[in-house]
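This report looks at charged pairs and a nonpolar patch. Start with the view below.

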Amino acid sequence: MSRDQPENRRNVRRFPGGARRSDRKPRFDLIPFEFLESVAEVLTRGAARYGPYNWKRGRKDFFLDAWNHAFVHLQKFAEGDRSEDHLGHLACNVAFMVWAAKKGVISQDDFNNHM
């Protein structure tokens with residue numbers, strides 16, 4: 001096989017039987033289960049209170065407000081408040097913002113103009 005062939009320019013995993021697949025994919029197995037469980041618990045409570053996927057109906061202002069909610073939860077955690085899972089709520093707000101940025105609902109420029 002020549003060094004110029006595509007297989008040699010990327011990491012290729014070889015499976016028994018000869019199957020091959022590119023290794024270029026996110027490693028979801030690296031995310032701590034405790035993190036996922038915390039986020040899932042917060043989203044489950046939110047779904048019961050506001051409806052499943054309510055946050056997806058948000059528009060730009062909702063997602064910009066998530067920035068403030070994230071900081072409130074970070075501060076409450078730092079202060080030792082144990083009234084709720086503040087890190088789980090922080091993670092959810094960040095997840096909402098990541099989703100909105102990837103979907104084009106918000107951009108970095110929105111934070112410059114909004115704050």
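K60 and D110 join their side chains in a salt bridge, 3.1 Å from N to O. The pair ties together distant parts of the chain. K60 sits in helix α2, which spans residues 60-78. D110 sits in helix α4, which spans residues 108-114. The two partners are 50 residues apart. The model is a predicted one.

D110 has 13% and is buried. The cut-off for buried is under 20% relative accessible area, so D110 falls within that class.

## The other salt bridge

How many salt bridges does the structure hold? There are two. Besides the K60 and D110 pair, R27 forms a salt bridge with D29. Their closest N and O atoms are 2.7 Å apart.

D29 counts as exposed because its relative accessibility is 56%. R27 is at 49%, so R27 counts as partly exposed. The exposed class needs over 50%.

## A nonpolar surface patch

W67, F71, L74, F77 and L87 make a nonpolar surface patch of about 460 Å². Which helix gives the most to the patch? Helix α2 does, with four residues.

F77 is one of the patch residues. F77 lies in helix α2. Its relative accessible area is 43%, so F77 is partly exposed.

Definitions and conventions. Residues numbered from 1 in each chain as written. Predicted model: local features only at pLDDT ≥ 70, side-chain atom pairs only at ≥ 80, totals over all residues. Heavy atoms only, no water. Salt bridge = Lys/Arg side-chain N within 4 Å of Asp/Glu carboxyl O. Buried < 20%, exposed > 50% of the residue type's maximum accessible area, 1.4 Å probe, protein only. Helix = DSSP H or I, 4+ residues; strand = E, 2+ residues; numbered from the N terminus. Patch = residues over 30% accessible without salt bridge, like charges linked within 9 Å, V, L, I, M, F, W, Y side chains within 5 Å. Areas by Shrake-Rupley, 256 points an atom, 1.4 Å probe, with all protein chains shown as cover.
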